[in-house]
Amino acid sequence: MSARILVVDDIEANVRLLEAKLSAEYYEVLTAPDGPTALALAAAEKPDIILLDVMMPGMDGFTVCRRLKDDPETRHIPVVLLTALDGRADRVAGLEAGADDFLTKPMDDVMLFARVRSLTRLKSVIDELREREASGRRMGVIAGVASRLGGTGGRILIVDDHERQAQRVCSELAIEHRPVVESTPENAMLAARGPVDLIIVNAAAKSFDGLRFAAQIRSDEATRSLPILAIVDFDERARLVKALEIGVNDVLPRPIDPQELAARVKTQIRRKRYTDYLRENLDQSLELAVTDQLTGLHNRRYMESQLDALVRRAVLGGSDPVALLVIDIDHFKKVNDSFGHGVGDEVLREFAVRLASNVRAIDLPVRFGGEEFVVVMPETELAHAHRIAERIRLHVAGSPFRVMDGEELLTVTISIGVAASLADDTPVKLVRRADEAMYEAKAHGRNRVIAKAA
């Protein structure tokens, strides 16, 4: 997977060396000689990853990283800090500034490319979610804007058979989070299916293979989106690279530094909450796209897609016919004219409740438009659909609708047309027959059901 990478360093030789290495691996490379230029390029070009030198005159890498993470337009871009410094304080400072990793010069090419590939996969997922969220926002089905999401109060699953190390990690994290410890992969897999924000796994566990457990988490549909932080001995270079290749989000070196642990955990939880926010917005936008907002029933767009597939299956597959009810609320205009559109909306909502409660679980009640409703009934003969339609009519007419906080009681009736699919039918023909039957019911005095066989 290729990517656009922004390299930021005030020493031209370092920039050219990194540019050559990345270009040889078919990455597209942008370069910047200082912090302000990097911020401008990041905002304009939206790179996939930023490799950022720490020691730069004027604005250092820590400051640049903080500004990138404070900007809603660039905070989702992974940042890897590059420096000749190898001190614990500098590493922690970089992580606390929001960096995703901290690589020491001279860089190990294998580690560099393993990290780049790992972060590229992560960025592609976030980009897709962001793009879909933006589409939902443009259509008006998503209104909110994400505030800065925190990285504390996380539910953390620690998977480690080293009791002393596990308890130490648990104690450190309990200050700001809610950690639990599991010492076997079997119990850990069960726990991972619950509410979990982060998994920390000991890659050097004695009684189980920590990386195999991480791979299982990634291969299971229920858990594959959970972030994983692997505790790894950095002297075991091959194991470290393999951890990143199988989808571990971040690695923590042994011996464990409490501040570095806290910083890496906070970064992963913050990112998970951001991706969760994007996924929830996507789910919301998909639901709103197929749902009528007033009644909560499905809308015409969703019905048409479902009806097309059901009719095709009935015609070509030889299954039982698809029945259709077209329902119109009688004299609905008088309700709006006499009591106002607010009361009209109350009637529509109450009718939707009565309709949904009187059809089967496999049926699809839909608001077709205005005061007109449709019920799609898979594998249903015309006579059976007629009986259900009569039950709906009686339930609506049998008790008045309470409106205006119960101050008014309205008698509401409905006219229903019923049709069932034929051997050479199409959705358009089926809807037309049911619609004609509904108009016949209205013409014959309303508050009745008429079925049209052909």
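Colleague: Which residues have the most contacts inside the largest nonpolar core?

Modeller: Happy to start there, bearing in mind that this is a predicted model. The largest nonpolar core has 31 residues. Those with the most contacts inside this core are Leu 325, Ile 327, Phe 351 and Leu 355.

Colleague: And which element gives the largest share of this core?

Modeller: Several elements give two or more residues to the core, among them the strands β11 (323-329) and β13 (372-377) and the helices α12 (332-339), α13 (341-356) and α14 (382-398). The largest share is six residues, and the element that supplies them is α13.

Colleague: Which residues does Leu 325 touch, leaving out those up to four places away in sequence?

Modeller: Leu 325 is one of the residues with the most contacts inside the largest core. Its partners include Ala 385, Ala 389 and Ile 392. Leu 325 also touches Phe 373, Val 374, Val 375, Met 377, Ile 416, Gly 417 and Val 418.

Colleague: How many residues are in the second, separate core?

Modeller: This second core includes Ala 192, Ile 199, Ala 203 and Val 251. Its residue count is 27.

Colleague: Let's turn to helix α8. Why are its buried residues on the same side, and what arc do they cover?

Modeller: In α8 (residues 210-219), the buried residues are Gly 210, Leu 211, Phe 213, Ala 214, Ile 217 and Arg 218. They lie on the same side of α8 because the arc they cover around the axis is only 155°.

Colleague: Which residues are exposed on the other side of α8?

Modeller: The buried residues of α8 are covered by elements including β6 (155-159), α7 (185-192), β8 (198-202), β9 (228-232) and α9 (237-245). On the other side of α8, the exposed residues are Arg 212 and Ser 219.

Colleague: Are the residues of strand β10 buried or exposed?

Modeller: Strand β10 (residues 250-253) pairs with β9 in the parallel sense over four bridges, and Val 232 stands opposite Pro 253. One side of β10 carries Asp 250 and Leu 252, and the other Val 251 and Pro 253. Both faces are covered, and all four of these residues are buried.

Colleague: Finally, how many disulfides does a search of the whole structure find?

Modeller: A disulfide is a covalent bond between the sulfur atoms of two cysteines. Cys 65 counts as buried because its relative accessibility is 0%, and Cys 170 is buried with a relative accessible area of 15%. For disulfides, the search of the whole structure returns zero.

Technical notes. Residues numbered from 1 in each chain as written. Predicted model: local features only at pLDDT ≥ 70, side-chain atom pairs only at ≥ 80, totals over all residues. Heavy atoms only, no water. Core = buried A, V, L, I, M, F, W, Y, C linked by side-chain atoms within 4.5 Å. Buried < 20%, exposed > 50% of the residue type's maximum accessible area, 1.4 Å probe, protein only. Contact = heavy atoms within 4.5 Å. Arc of directions from axis to C-beta. Disulfide = S-S within 2.5 Å. Pairing = 2+ DSSP bridges.
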